[in-house]
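Subject: The structure we talked about

Hi there,

Here is the structure I promised to pass on.

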Amino acid sequence: MAVKINENYLLLQNSYLFAEIARRVEKFQEENPDKDVIRMGIGDVTKPLSPTVIKAFKDAVDEMANGNTFKGYGPEQGYSFLAETIVKNDFNPLGIDLDLDEVFISDGAKCDTGNIQEIFDLNNIVAVTDPVYPVYVDTNVMAGRTGPINEEDRYEGLVYLPCVEENDFVPELPKTHTDLIYLCYPNNPTGTTLTKNQLAKFVKYAQDNHAIILFDAAYEKFITEEDVPHSIYEIEGAKEVAIEFRSFSKTAGFTGTRCAYTVVPKDLKAYDSDGKEQSVNALWNRRQTTKFNGVSYPVQKAAEATYSNEGKKEIEENIAYYMKNSQVIRDSLTKLGLNIYGGINSPYIWIKTPNNMDSWTFFDLLLNDANVVGTPGAGFGPSGEGYLRLTAFNTLENTKEAMDRISELSF
Ligand code: PLP
């Protein structure tokens, strides 16, 4: 008998969104070698690591070169120097206290948001906002928590919470029972946020339904407005119902360096089949210590440096640079009469396609006529149809050039 595969993988949609975008861009470039394409699709940063971060990184590499300071395996959960700095800087100022063993340092929010589902039973019902960061959906498909995708582009068994113009991109509470709810705020891809009151409703739902919220705050550092919560733990009682994910990727340019962290409060409980309470923190600790061997020491030192006075200043400057791009995009597209969302508390601008064009048609139009690459909203879920995402992560020069080109189009 031959080896059998995990057939859940066959339920995944064939062409991964960014692969299809790359294919279309490549084809366009082959046919138009003289055209300069500006990429505003993938959410990767363009600014290099800041000087303070680089210094800490290099100093730590020097420590690795010396027998007296060399470090081998570190704690799987991360070094306490970093966990301590995280709690002191990211949570204490919000009035939130965390024990160091509630913070798990990792090499990415992608892995953590993807892996977290495996500590929960396959029969749990999962809710996702729609459109959504595809990792939440695909990892649940791989695990076998869904059926096949249906004609409406929805996986059977998943609960979709549409976020569209008509509801101001604020998801309604699930109407049926759900156990695990993925929320990402500030949101990728729509760039929109929830107020504290709106988020508090989800916390209350989770409390009432014994559900757990998986809160992805990868874009927290981009928040500029007052009433936008930086952490779900700003909501009373959230430690009993929520896990929070953060990342240094967009905050500090760590997309290629890799460092993130996940907060799993010890107050958070789930239940075994006998109805006995189990600590989610203990389960995640067991999972990480078994399957993960920690982030490298120099990377953790580099991450720590993002919190030094100089480091903070440099990072804020980089974020301000991207947010200036965002403003340029917002201003230009608004002038064109397009309906746009996001871009105020996040580096993503979510554009309603003109004339009810579908997402891929608008994508092709921008590529062919303005040589600008966006991301078709339909790739993020059925409620993304009719929208397109631009990111503010390119250079200011390219962003301005892209907007000039789009401004010359007629829709
Ligand atoms: N979560 C969201 C919502 C994201 O948009 C991204 C990256 O685009 C990630 C997580 C991944 O972060 P990391 O680079 O830490 O894996």
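Where is F248 placed? F248 sits in the loop that runs between strand 7 (242-247) and helix 7 (249-252). Helices (H or I, at least four residues) and strands (E, at least two) are DSSP runs, numbered from the N terminus.

Before going further, please keep in mind that this is a predicted model, in which local features need pLDDT of at least 70, side-chain atom pairs count only at pLDDT 80 or more, and totals for chains, interfaces and linings use all residues. Residues are numbered from 1 along each chain as its sequence is written.

**The annotated positions**

For "binding site", an unreviewed UniProt entry lists Y73, A109, K110, Y133, N188, Y219, S247, F248, S249, R258 and N293. UniProt positions follow the numbering used here, feature names are shortened, and the annotations may be inferred rather than shown by experiment. The listed positions spread over 221 residues of sequence, and in space they reach up to 34.0 Å between C-alpha atoms.

I looked at two of them. F248 has 25 other C-beta atoms within 10 Å and is therefore buried (buried is 20 or more other C-beta atoms within 10 Å of a residue's own, exposed is 12 or fewer, partly exposed is in between, and C-beta atoms are placed from the backbone). Setting aside neighbours within four places in sequence, F248 is in contact with F254, C259, A260, A303 and T306; contact means that the C-beta atoms, placed from the backbone, lie within 7 Å.

N188 belongs to the loop between strand 5 and helix 6 (196-209). N188 counts as buried because it has 24 C-beta neighbours inside 10 Å. Not counting residues up to four places away in sequence, N188 touches G43, Y133, Y219 and Y348.

**The two domains**

The protein divides into domain 1 (10-48 + 310-407) and domain 2 (54-308), with bounds from an automatic or database domain assignment. Their C-alpha centres are 25 Å apart. Domain 1 gives 36 residues to the contact and domain 2 gives 42 residues. On the domain 1 side, the elements that supply two or more residues are helix 10 (309-335), strand 11 (340-342) and strand 12 (348-352). Helix 10 makes the largest contribution to that side, with seven residues.

**Helix 5**

In helix 5 (residues 134-143), the buried residues are P134, Y136, V137, N140 and V141. Viewed down the helix axis they fall within an arc of 165°, so they line one face of helix 5 (the arc is that of the directions from the helix axis to the C-beta atoms). These buried residues pack against helix 1 (17-31), helix 4 (109-115), strand 3 (126-130) and strand 5 (180-184). Just after helix 5 comes G144, with a positive phi of about 95°.

**Strand 15**

Strand 15 (residues 387-391) is mostly covered, with five of its five residues buried. Y387, R389 and T391 point one way from the strand, while L388 and L390 point the other way. Strand 15 pairs with strand 12 in the antiparallel sense over five bridges, and there I351 stands opposite L388. Strand 14 (residues 375-376) also pairs with strand 15 in the antiparallel sense, over two bridges, and T375 has R389 as its bridge partner. Pairing here requires that DSSP finds at least two bridges between two strands.

Best wishes

Technical notes. Two residues are in contact if their C-beta atoms, placed from the backbone, lie within 7 Å.
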